[in-house]
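Biologist: Please place the model on the screen, so that its features can be discussed one at a time.

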Amino acid sequence: GPPPPASEAELDKARVDAMNALANVLQKNTRVRFEVNIEELVNAVGPSLSDKASARARATAYRLLRHALFDKDSVEKLLDQSIDWYIIKYAVFYVLY
């Protein structure tokens, strides 16, 4: 495989690229959402949600989480996690109502 990222900027870009790729898969293939474990996804994107992450990484992480939601159970699992979910609030409303 490719060599590991050498700098924080390269690591940030690699994270954003990976999250965008997964978000695109979830957006295009609704059935894949049923296979996503929300708890594991939150743990995986956690570093990109921190204050130390770039604004682009945070936005991409929230976008990915939004695309992972598909029903009331997935929303409840997301709400059980300790993240600031207000940015994806409109998606939660859409899924619940």
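This is a predicted model: local features need pLDDT of at least 70, side-chain atom pairs count only at pLDDT 80 or more; totals for chains, interfaces and linings use all residues.

Biologist: Which pattern does the chain follow, read along the sequence?

Modeller: The secondary structure comes to 5 helices and 0 strands. Read along the sequence, the pattern is therefore written with helix symbols, where helices and strands are DSSP runs numbered from the N terminus. That pattern is α-α-α-α-α.

Biologist: What percentage of contacts between residues at least 6 apart in sequence join residues at least 24 apart?

Modeller: The chain has 97 residues, of which 30% count as buried. For contacts in the chain between residues at least 6 apart in sequence, the share that joins residues at least 24 apart is 55%.

Biologist: What percentage of the accessible surface belongs to carbon and sulfur atoms?

Modeller: The accessible surface of the chain comes to about 6500 Å². Of this surface, the part that belongs to carbon and sulfur atoms is 53%.

Biologist: Which residue meets Lys13 in a salt bridge?

Modeller: Side chains of opposite charge can pair when their charged atoms come close. The structure holds 1 salt bridge, with an N to O distance of 2.7 Å. The partner of Lys13 in that salt bridge is Asp17.

Biologist: By about how much of a helix are Asp17 and Lys13 separated?

Modeller: Asp17 is partly exposed at a relative accessible area of 35%, and Lys13 is partly exposed at 48%. Both residues belong to helix α1, which covers residues 8-28. Because Asp17 and Lys13 are 4 residues apart in that helix, the separation is about one helical turn.

Biologist: Which element gives the most to the patch of negative charge on the surface?

Modeller: The patch gathers Glu39, Glu40, Asp73, Glu76 and Asp80. Two or more residues come from each of α2 (38-49) and α4 (72-80). With 3 residues, the element that gives the most is α4.

Biologist: Is Asp73 buried or partly exposed?

Modeller: Asp73 lies in helix α4 and is one of the residues of the negative patch. Its relative accessible area is 46%. Buried requires a value under 20% and exposed a value over 50%, so a residue in between counts as partly exposed. Asp73 is accordingly partly exposed.

Biologist: How far apart in space are Ala68 and Val32, C-alpha to C-alpha?

Modeller: Ala68 is placed in helix α3, residues 55-68, and is buried with a relative accessible area of 0%. Leaving aside neighbours within four places in sequence, Ala68 is in contact with Leu26, Arg33, Val36, Ile38, Leu41 and Ser74. Ala68 and Val32 are 36 residues apart in sequence, and their C-alpha distance is 8.7 Å.

Biologist: Which residues does His67 touch, not counting residues up to four places away in sequence?

Modeller: His67 is placed in helix α3. At 8% relative accessibility, His67 counts as buried. Under the stated exclusion, the residues touched by His67 are Ala23, Leu26, Gln27 and Arg33.

Biologist: Which residues does Arg15 touch, not counting residues up to four places away in sequence?

Modeller: Arg15 lies in helix α1 and is partly exposed, with a relative accessible area of 31%. The C-alpha atoms of Arg15 and Ala61 are separated by 9.1 Å, although these residues are 46 apart along the chain. The residues touched by Arg15 are Pro47 and Ser48.

Biologist: What distance separates the C-alpha atoms of Ala18 and Thr60?

Modeller: Ala18 is found in helix α1. At 48% relative accessibility, Ala18 counts as partly exposed. Ala18 and Thr60 are 42 residues apart along the chain, and their C-alpha atoms are separated by 9.7 Å.

Note on methods:
Residues are numbered from 1 along each chain as its sequence is written. Side-chain values use heavy atoms; hydrogens and water are left out. Patches are made of residues with over 30% relative accessible area and no salt bridge: like charges are joined within 9 Å, nonpolar side chains (Val, Leu, Ile, Met, Phe, Trp, Tyr) within 5 Å. Accessible areas come from the Shrake-Rupley method with a 1.4 Å probe; for residues, only the protein chains shown count as cover. A salt bridge is a side-chain nitrogen of Lys or Arg within 4 Å of a carboxyl oxygen of Asp or Glu. Lys and Arg count as positive and Asp and Glu as negative; His and the chain ends are not counted. The place of a charge is taken as NZ of Lys, CZ of Arg, CG of Asp or CD of Glu. Buried means under 20% relative accessible area, exposed over 50%, partly exposed in between (1.4 Å probe, protein chains only). Contact means heavy atoms within 4.5 Å.
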